[in-house]
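Please have the sequence and the 3D view ready.

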Amino acid sequence: MLKKIEDWNYYELLSVERTASPDEIWEGYQAAMATYQDGSLALYGLVSEAERELVLGRVQEAFQTLRDQDLRREYDLTLLRHAPYFPPKAAFRKSVGRLEIEEAPPRPTLRARIKRLFVRNP
Amino acid sequence: MDKRVWAIGGGKGGTGKSFVAASLGLHLASLDRDVVMVDADLGAPNLHTLLGLKAGHPDLGDFLTGRVPSLEAAAVATPYRGLRLVRGSENILFIANLPHFRKLRLLRQIRQLATQNVILDLGTGSSFNTLDFFLSGNPGVVVATPEPTAIENTYLFLKSCIMRVLKLYMDHYKIRDLHQKMLDQIEKNSQSLYGFFRSLMETDRAYGTILYRALRGFRPCLVMNKTRDERDVLLGRSVADVARKYLLIDMKYLGAIPYDEDVQSSLRGLRPYYPEHKDAAAARAIRQMSEELAYSIEFTLRTPPEIRLPDT
């Protein structure tokens, strides 16, 4: 995915999956700290000092958030909010003019429909 | 089964490219596989020495000058069953500056070799010849050591590969005006590749998508050689991660090969290291590496990026 450093989410920063366990997050954090620590060889000749400090700060922020269950849940929700909107592919119920996933009222029975023809306010 | 061309390259000399290539070839041959090794280090060939053989004819130069009809005929048998070798040329001055049409012929003949496994031992540096041989490999394996100079040159090598891939696609799709723009932008800083693609996507999304796909098709592997401790092993993982994030390429870290004094002593004795030290940690790492690639589904299923070299 074509992304700028500022746009990497916490999971991408730590190179872990969204479903990562606390142990995997800890492991990812250790690896990221080793990558972005002061004097790291892995960045030699490619990344500037200012950029390194910026990413290191975000790595710490990422770990602080993802280690805490509540904060992580909250963060996951914000990620979902930023996710692109895919229209629901639910069946459209023509009789009530609504999608199945919406709380469509039950389809009126034949008896109710006939009754509605004669009674104005049932 | 598809043919696998293992291109072993890297940015810096002395990282152990030929050692990795020789050990890999000997390992595959020991599994009763048919292997042809090509010493494509055009400037300083010495793969034969690492296999315990003497320089001689026919060699790569004989094929390129037409003294031998095909690359197949230049591949000589070695004392190891199933392993054949195309020696590097002694006529270094001629071969190091390989003309374009000869390079195309060599690349074509490599694809036509009657074997399942071809191992290309490449030279140091970022000349077009070396890069094209590296890009023709599937997988292309970059060998680095845990030293600042090697890491720096590894990134330079990867950047050169990226620019070469993009240039080839630009030439193919006749979008030559982008080339200078790319050169200007990519030299700037670590985020430059991202910036180049971002601006390209804004101005011309179709070309941007083509080039970005081409870039994602370039999937090199990394091997960290001569590691001495756990920190060096982790460094390889970090380098692959940084390459993924800053150079936008899907780089796979194959693992680390621990430093072993016996490699030097084998070399001094003009004997190959692998068969005599099969239980050593370095030999185990080579085995693990080749198995990782051989059974990796992503590498088995994917088709290698078809890079068409321009005829001019």
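Which are the buried residues of α7(B)? They are B:Asn129, B:Thr130, B:Leu131, B:Asp132, B:Phe133, B:Phe134 and B:Leu135. A residue is buried if 20 or more other C-beta atoms, placed from the backbone, lie within 10 Å of its own, exposed if 12 or fewer, and partly exposed in between.

This is a predicted model, in which local features need pLDDT of at least 70 and side-chain atom pairs count only at pLDDT 80 or more, while totals for chains, interfaces and linings use all residues. Residues are numbered from 1 along each chain as its sequence is written, and chains are lettered from A and ligands numbered from 1 in the order in which they are written.

Helix α7 spans residues 128-135 of chain B, and 7 of its 8 residues are buried. Helices (H or I, at least four residues) and strands (E, at least two) are DSSP runs, numbered from the N terminus. The cover over the buried residues of α7(B) includes these elements of chain B:

| Element | Residues |
|---|---|
| β1(B) | 4-9 |
| β2(B) | 35-40 |
| α6(B) | 100-112 |
| α8(B) | 148-172 |

Now for the cores, each a set of buried Ala, Val, Leu, Ile, Met, Phe, Trp, Tyr and Cys residues joined through C-beta atoms within 7 Å. The largest nonpolar core has 96 residues, of which B:Ile8, B:Met37, B:Leu120, B:Leu222 and B:Val223 touch the most other members. α8(B) gives the most to this core, with 10 residues. A second, separate core of 13 residues includes A:Tyr10, A:Leu13, A:Tyr36 and A:Val59.

Conventions
Two residues are in contact if their C-beta atoms, placed from the backbone, lie within 7 Å.
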